[in-house]
Amino acid sequence: AAVARGDAPKGDVIGTARIAGIHASKRTAELIPLCHPLPLSFVDVEAELRETEVVLTAEARTSGQTGVEMEAMTAAAAAALTVYDMVKGLERGVEIAEVVLLEKSGGRHDWRR
């Protein structure tokens with residue numbers, strides 16, 4: 001409820017997680033060995049609040065001829081870690097369930113879960 005209201009003890013959980021994810025996507029090459037820097041043209045993180053969970057979806061785009069799934073997954077992971085950090089004081093049992101690729105295009109192959 002505090003997440004939905006935007007008044008958790010550490011502040012606006014969703015807004016902060018979104019910014020953290022976008023910022024992290026821009027640093028993917030620094031965080032993940034063997035990932036090369038990409039010129040990102042778009043990154044966003046959306047949050048869907050459900051009864052007992054927050055579902056985060058990240059999207060990344062580049063003008064280059066490559067996929068940007070690592071940048072999108074880094075954004076999602078950083079956003080999830082931010083949610084965890086901001087709500088752990090309210091609920092110690094909070095967990096990050098999974099980070100999965102939903103779809104990718106560009107590079108050698110397009111792919112969809």
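This is a predicted model: local features need pLDDT of at least 70, side-chain atom pairs count only at pLDDT 80 or more; totals for chains, interfaces and linings use all residues.
## Buried, exposed and compact: reading the labels

Mentor: Thr74 counts as buried, with a relative accessible area of 10%. Residues are numbered from 1 along each chain as its sequence is written, and side-chain values use heavy atoms, with hydrogens and water left out.

Trainee: Why is Thr74 called buried?

Mentor: Buried means under 20% relative accessible area, exposed means over 50%, and partly exposed is in between (1.4 Å probe, protein chains only). Thr74 has 10%, so it is buried.

Trainee: What makes up its surroundings, and where does Thr74 lie?

Mentor: Thr74 lies in helix α4, residues 69-87. Helices are DSSP runs of H or I with at least four residues, strands are runs of E with at least two, and both are numbered from the N terminus. Leaving aside neighbours within four places in sequence, Thr74 is in contact (heavy atoms within 4.5 Å) with Ala24, Ser25, Thr28, Leu31 and Ile32.

Trainee: Leu31 is on that list. Is Leu31 buried or exposed, and how do you know?

Mentor: Leu31 has a relative accessible area of 54%, so it is exposed. Leu31 sits in helix α3, residues 28-31. Not counting residues up to four places away in sequence, Leu31 touches Ala24 and Thr74.

Trainee: What makes Leu81 and Leu34 exposed?

Mentor: Leu81, in helix α4, has a relative accessible area of 53%, so the exposed label applies. Leu34 belongs to the loop between α3 and β1, and its phi is near 75 degrees, a positive value in a residue other than glycine.

Trainee: What makes the nonpolar core a core, and which residues have the most contacts inside it?

Mentor: A nonpolar core is a set of buried Ala, Val, Leu, Ile, Met, Phe, Trp, Tyr and Cys residues joined through side-chain atoms within 4.5 Å. The largest one has 21 residues, and Val13, Val45, Leu56 and Val83 have the most contacts inside it. At least two residues come from each of α1 (2-5), α2 (13-25), β1 (40-49), β2 (54-62) and α4. The largest share, eight residues, is from α4. As for Val45, its partners beyond four places in sequence include Arg18, Ile22, Leu56 and Ala79.

Trainee: How many helices and strands does the chain have, and why is it called compact?

Mentor: The chain has four helices and four strands, in the order α-α-α-β-β-α-β-β. The radius of gyration, taken over C-alpha atoms, is set against the globule rule, 2.2 Å times the number of residues to the power 0.38. The chain's value is 15 Å, close to the 13 Å the rule gives for 113 residues, so it is as compact as a globular protein of that length. Its C-alpha trace spans about 45 × 25 × 20 Å along the principal axes.

Trainee: What share of the chain is buried?

Mentor: Buried residues make up 31% of the 113 residues.
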